[in-house]
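Visitor: I'd like a close look at one part of this model rather than a tour of the whole thing. Could you pick a spot and walk me through its surroundings?

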Amino acid sequence: MKYICLVGFILVVAGLAGIERADGAGACGKANPDMEAWKLAPCASAAQSEDADVSSNCCSVVKKMGRNPSCLCAVMLSNTAKTVGAKPGIAVTIPKRCAIADRPIGYKCGDYTLP
């Protein structure tokens with residue numbers, strides 16, 4: 001199952017690579033949140049089930065990306081994340097499940113609030 005998600009991520013990211021982007025700054029600066037979602041590949045299973053273990057690789061990436069909460073939010077809610085089966089309501093729990101002390105608690109992320 002994990003490999004199916006990874007293959008899906010690769011296919012979606014490869015498809016998005018050909019799409020033109022605006023050069024303006026967005027939630028992730030000049031980076032496209034759908035492209036940034038690739039960095040969260042280690043979190044694929046944790047974003048699908050609250051019962052799944054959250055790997056240390058996932059936590060490391062989420063901690064780094066969480067320095068910019070708007071980018072983290074945009075990535076978790078991106079079309080790429082949804083395409084590979086990430087559930088937004090579960091994805092937003094990952095920073096807490098990683099026990100990241102300086103996570104953006106209470107940050108409004110679409111219809112969700114980071115716990």
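Predicted model: local features only at pLDDT ≥ 70, side-chain atom pairs only at ≥ 80, totals over all residues.

Guide: C43 is joined by a disulfide to C58, S to S 2.0 Å, and with 110 degrees about the S-S bond that link is right-handed. The two ends sit 15 residues apart, C43 in the loop between α2 and α3 and C58 in helix α3. C58 is buried as well, at 0% relative accessibility.

Now follow α3 itself. Its buried residues are C58, C59, V62 and M65. Looking down the helix axis, you'd find them within an arc of 135 degrees, so they line one face of α3. The face turned away from that side carries the exposed residues S56, N57 and K64. As for what covers the buried residues, that includes α2 (33-36), α4 and α7 (94-97).

C59 has a disulfide too, with C98, the sulfur atoms being 2.1 Å apart. This one is left-handed, at -85 degrees about the S-S bond. C98 lies in the loop between α7 and β1 (108-109) while C59 lies in helix α3, so the pair ties together parts 39 residues apart in sequence.

Beyond its neighbours within four places in sequence, I94 is in contact with C43, A46, A47, V54, C58 and V62, which brings us back to both ends of the C43 and C58 disulfide.

Technical notes:
Residues numbered from 1 in each chain as written. Heavy atoms only, no water. Contact = heavy atoms within 4.5 Å. Buried < 20%, exposed > 50% of the residue type's maximum accessible area, 1.4 Å probe, protein only. Helix = DSSP H or I, 4+ residues; strand = E, 2+ residues; numbered from the N terminus. Arc of directions from axis to C-beta. Disulfide = S-S within 2.5 Å.
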